[in-house]
Amino acid sequence: MFAFKYFTPTKVVFGRDTEKQVADLIREFGGTKVLIHYGGGSVVRSGLLKRVTDALDAAGIAYVTLGGAVPNPRLSLVYEGIELCKREGVDFLLGVGGGSAVDSAKAIGYGVYNGGDVWDFYDYKRKAEGCLPLGVIMTIAATGSEMSDSSVITKEDGLIKRGYSSDFGRPKFAIMNPELTMTLPDYQTACGCTDILMHTMERYFTNGGNMEITDAIAEGLMRTVMANAEILVKDPKDYDARAEVMWAGSLSHNGLTGCGNDGGDWMTHKLEHELGALYDVAHGAGLAAIWGSWARYVYKNCLPRFKRFAVNVMGVEPAGSDEDIALKGIEALEAFFRRIHMPTNLRELGVNATDEDLVTMAHKCAVGVGGAKGSARLLNEADMLAIFRASV
Ligand code: NZQ
Ligand code: ZN
């Protein structure tokens, strides 16, 4: 077991109608002039944005709005948001929507607080010394950005998708009403469930310092997400299933499922970020498309964990060799992905990658991780390329 720090300062307000508390929560955390930041318009169409602005009007809290955060949110809008905040004297950010709107809001917060070029943080050139305080109202269960320390932004110039992690970026509060996720397209619901699973799996498939309590939480979380993802395929309006998945999303990425281990593997995410940058695919679908190729490439180097996953999470009979059991676990997870209509390779993801593209992505990925990364198996650029080639 490794030593660890567990820091989850976010106040979670969970359940039906919780968005009605938004003005009180902004006040509680000292906001007097708010930037409401949102995505491509789902919150306008659902009426949520209007309910939020009405609540702020009624409470006498001043605000400005900025929409347009796209999936794989772009740096140019972050710059626009920073300028708007400075011009308007904004002292509090409210992200309303999915991980993209929230990550974009976090980036705006870093830019306003620290000055200089905010991309420096994502380019590992500087560390943030703070962030504007941020609250969120989530409309999709997926990234866990509502409690995580991460923000993932794409720089248009060079199509570079990078994450920056800092405790300063953890939201002050997260309003989570599972009903708000019921307007999601089925594909996005499944993408979200995949991302949630993967945030725990990245921390589970390691070669370092595992802890029984962490494993037990992780395995329960993964089984719960899979069971409820299948319920949502049949009945997208099932409130309890929405709630289970939504809370799992937060717990999956707030650090809980990594306590005591070496920090996790994270290579499926790093490989996916290249797919997101180049082809603008949905993050969860990209993860599903690359995971099987990654797993088959690394499982022999992390066999006890793959075996344990197969038996404890996927329900594989513990008969035969460890390798057989591990491979059955990988196949079982891919079968689950198919049942929730997620891709298991690049073709099914709708991506027709040329070999030149694969070479480019492997190179960018290796640069992004500083040469090599991975705990299940340490991967260098040649390994990354082999995995991309196996995933077409
Ligand atoms: O933009 P709008 O119009 O809101 O539509 C969104 C978008 O098209 C739509 N949507 C969201 N809630 C909805 C809804 N449509 C109808 N009804 C609702 N209730 O769904 C689409 C996806 O939204 P997005 O915010 O992009 O999804 P997600 O939450 O999956 O965020 C993905 C981004 O987060 C990054 C990903 O790489 C990607 O850029 N990640 C962030 C992490 C973090 N901050 O901790 C960790 C993750 O590993 C991930 O990398
Ligand atoms: Zn993710």
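Which atom of Gly40 lies 2.7 Å from an oxygen atom of ligand 1? A backbone N or O atom does. This is a predicted model, in which local features need pLDDT of at least 70 and side-chain atom pairs count only at pLDDT 80 or more, while totals for chains, interfaces and linings use all residues. Residues are numbered from 1 along each chain as its sequence is written, chains are lettered from A and ligands numbered from 1 in the order in which they are written, and side-chain values use heavy atoms, with hydrogens and water left out.

**Stop 1: ligand 1**

Select ligand 1 and the 32 residues around it (a heavy atom within 4 Å). Gly40, Ser42, Gly99, Ser100 and Asp103 come nearest. Now pick Gly99: a polar backbone atom there is 2.7 Å from an oxygen atom of the ligand. Go on to Thr139, where a polar side-chain atom lies 2.8 Å from a nitrogen atom of ligand 1.

**Stop 2: the two domains**

Colour residues 11-180 as domain 1 and 185-390 as domain 2; such bounds come from an automatic or database domain assignment. Taken over C-alpha atoms, their centres are 26 Å apart. Contact (heavy atoms within 4.5 Å) involves 28 residues from domain 1 and 27 residues from domain 2.

The two domains bury about 2200 Å² between them, 59% of it on carbon and sulfur atoms. Buried area is the accessible area (1.4 Å probe) that two parts lose on being put together, summed over both. Select Ala141, Lys161 and Pro178: they supply 24% of the area that domain 1 buries against domain 2, more than any other three residues.

**Stop 3**

Show the side chains of Lys161 and Glu272, which meet in a salt bridge (3.8 Å, N to O). A salt bridge is a side-chain nitrogen of Lys or Arg within 4 Å of a carboxyl oxygen of Asp or Glu, and the count between domain 1 and domain 2 is two.

On the side of domain 1 that touches domain 2, the residues divide into 13 nonpolar, eight polar and seven charged. Here Ala, Val, Leu, Ile, Met, Phe, Trp, Tyr, Cys and Pro count as nonpolar, Asp, Glu, Lys and Arg as charged, and the others, Gly among them, as polar.

**Stop 4: Leu256**

Last, select Leu256. Its C-alpha atom is separated by 9.7 Å from that of Arg203, 53 residues apart along the chain. Leaving aside neighbours within four places in sequence, Leu256 is in contact with Tyr6, Thr214, Ile217 and Leu251.

Conventions
Polar contact = N/O pair within 3.5 Å; in protein donor to acceptor, adjacent residues only side chain to side chain.
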